[in-house]
Amino acid sequence: MNSKTLHTNSRNKGKKHTNDIPILRERLEQLRSDKGYTQKEVAKKIGCSYESYQAWINPRYQGYKDDYTYVTPSIDKLMALSELYGVSIDYLVGKTDYTSV
């Protein structure tokens, strides 16, 4: 994975991660599905690895109760996703329900 495109947080010991944005995961998958893209196609279009994209969507279980590693896209990748789907970054991260840029 490319460290320039990832922000991780692990070992939360059951506490909510500050960079866990469930709405982001939901909206990325919904927008991707609506456009008919595969995860690999989206990753290629925004210039990141397939593994990085998958890490944004699927938190990794660390083997402890409720302990996951959450990965969020960097701002340049959020900008690329925003442009690809024609929505605002605020929409992607759940700050608004309005999709306009």
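**A look inside the core**

A: Start with the layout. Along the sequence, the protein chain runs in the order β-α-α-α-β-β-α-α. That makes five helices and three strands. Bear in mind that this is a predicted model.

Next, some totals. The protein chain has 101 residues, and 39% of them are buried. Its accessible surface is about 6,300 Å², with 48% belonging to carbon and sulfur atoms. Take the contacts with a separation of 6 or more: 58% of them link residues 24 or more positions apart.

Now the core itself. The largest nonpolar core holds 18 residues. Those with the most contacts inside it are Leu28, Tyr53, Trp56, Leu81, Tyr85 and Leu92. Which elements give two or more residues to this core? They are helix 1 (22–35), helix 2 (39–46), helix 3 (50–57), helix 4 (75–85) and helix 5 (89–92). Helix 3 gives the most, with four residues.

Look at one pair of helices in more detail. Two packed helices are described by the angle between their axes and the distance between the axes. For helix 1 and helix 4, the axes come within 11 Å and cross at roughly 35 degrees. The crossing is left-handed. Helix 1 brings Leu24, Leu28, Leu31, Arg32 and Lys35 to the contact. Helix 4 brings Leu78, Leu81, Leu84 and Tyr85. Sorted by class, seven of these residues are nonpolar, none is polar and two are charged.

Tyr53, like Tyr85 itself, is listed among the residues with the most contacts inside the core.

Val93 lies in the segment after helix 5. Is Val93 buried or exposed? Val93 counts as buried because its relative accessibility is 19%, and the cut-off for buried is under 20%. Leaving aside neighbours within four places in sequence, Val93 is in contact with Ile21 and Ile23. Val93 and Leu28 are 65 residues apart in sequence, yet their C-alpha atoms are 9.5 Å apart in space.

Notes: Residues are numbered from 1 along each chain as its sequence is written. This is a predicted model: local features need pLDDT of at least 70, side-chain atom pairs count only at pLDDT 80 or more; totals for chains, interfaces and linings use all residues. Side-chain values use heavy atoms; hydrogens and water are left out. A nonpolar core is a set of buried Ala, Val, Leu, Ile, Met, Phe, Trp, Tyr and Cys residues joined through side-chain atoms within 4.5 Å. Buried means under 20% relative accessible area, exposed over 50%, partly exposed in between (1.4 Å probe, protein chains only). Contact means heavy atoms within 4.5 Å. Accessible areas come from the Shrake-Rupley method with a 1.4 Å probe; for residues, only the protein chains shown count as cover. Axes are lines fitted to C-alpha atoms, for helices over the stretch in contact, and angles run from 0 to 180 degrees between N-to-C directions. A crossing is left-handed if the near helix is turned anticlockwise from the far one by less than a right angle, and right-handed if clockwise. Ala, Val, Leu, Ile, Met, Phe, Trp, Tyr, Cys and Pro count as nonpolar, Asp, Glu, Lys and Arg as charged, and the others, Gly among them, as polar.
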